[in-house]
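Subject: Structure handover and findings

Dear colleague,

Please find below the structure that I am passing on to you. My notes on what was found in it follow directly after.

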Amino acid sequence: MRLSLNNRDPRLPTCTASGVSVVDVRRPSPRTGDATDITNASALAAALGSGPTGLSLILYLGGVLAESGAPVFAHNQCSGEITFAIPLRMTAQGWRP
């Protein structure tokens, strides 16, 4: 999966994005202690943070500052590939996400 920021929508020609400076992700939160949440929060921080594939913006994960960067003003910016862990649980119908 990839995240896209500051996209122009052809259906709304008079509405233009002016920049993204902060992304506040409520879940996954690294503070839950859940191994899957910690893995997914780390993947988001790597994709949206200041690393080589990141978009270099301020990222909060579960209310905690994860990455500090600069606003993204360029249009149609995409993150690098993000791989998320999806836990499965057994139900009467079989395995479900």
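Patches here are made of residues with over 30% relative accessible area and no salt bridge, where like charges are joined within 9 Å and nonpolar side chains (Val, Leu, Ile, Met, Phe, Trp, Tyr) within 5 Å. Accessible areas come from the Shrake-Rupley method with a 1.4 Å probe, and for residues only the protein chains shown count as cover. A salt bridge, in turn, is a side-chain nitrogen of Lys or Arg within 4 Å of a carboxyl oxygen of Asp or Glu. On these terms, Val22, Tyr60 and Leu65 make a nonpolar surface patch of about 250 Å².

Please keep in mind that this is a predicted model, in which local features need pLDDT of at least 70 and side-chain atom pairs count only at pLDDT 80 or more, while totals for chains, interfaces and linings use all residues. Residues are numbered from 1 along each chain as its sequence is written, and side-chain values use heavy atoms, with hydrogens and water left out.

**The sheet and its helix**

Helices (H or I, at least four residues) and strands (E, at least two) are DSSP runs numbered from the N terminus, and two strands pair if DSSP finds at least two bridges between them. An open sheet is formed by three strands in the order β2-β3-β4, with mixed pairing. Its edge strands, each pairing on one side only, are β2 (22–25) and β4 (64–67). From one strand to the next the twist averages 30°, where axes are lines fitted to C-alpha atoms (for helices over the stretch in contact) and angles run from 0 to 180 degrees between N-to-C directions.

Strand β3 (residues 58–61) pairs with β4 in the antiparallel sense over three bridges. Tyrosine 60, which has its place in strand β3, has leucine 65 in β4 as its bridge partner. At 31% relative accessibility, tyrosine 60 counts as partly exposed (buried means under 20% relative accessible area, exposed over 50%, and partly exposed in between, with a 1.4 Å probe and protein chains only).

Which helix packs on the sheet? Helix α1 (residues 35–48) does, touching β2, β3 and β4, and its direction makes about 175° with that of β3; contact means heavy atoms within 4.5 Å.

**Salt bridges**

The structure holds three salt bridges. In one of them, glutamate 81 pairs with arginine 2, the closest N and O atoms being 3.5 Å apart. Because glutamate 81 lies in the loop between β5 (77–78) and β6 (89–91) and arginine 2 in the segment before β1 (4–5), the pair ties together parts that are 79 residues apart in sequence. Glutamate 81 is exposed at 52% relative accessibility, whereas arginine 2 is partly exposed at 48%.

Arginine 11 forms a salt bridge with aspartate 9, with the closest N and O atoms 2.6 Å apart; arginine 11 is exposed at 67% and aspartate 9 partly exposed at 21%. Aspartate 24 forms a salt bridge with arginine 26, the closest N and O atoms being 3.8 Å apart, and here aspartate 24 is partly exposed at 42% while arginine 26 is exposed at 65%.

**Tryptophan 95**

Tryptophan 95 is found in strand β7 (residues 94–96) and is exposed, with a relative accessible area of 55%. Not counting residues up to four places away in sequence, tryptophan 95 touches Leu88, Arg89 and Met90.
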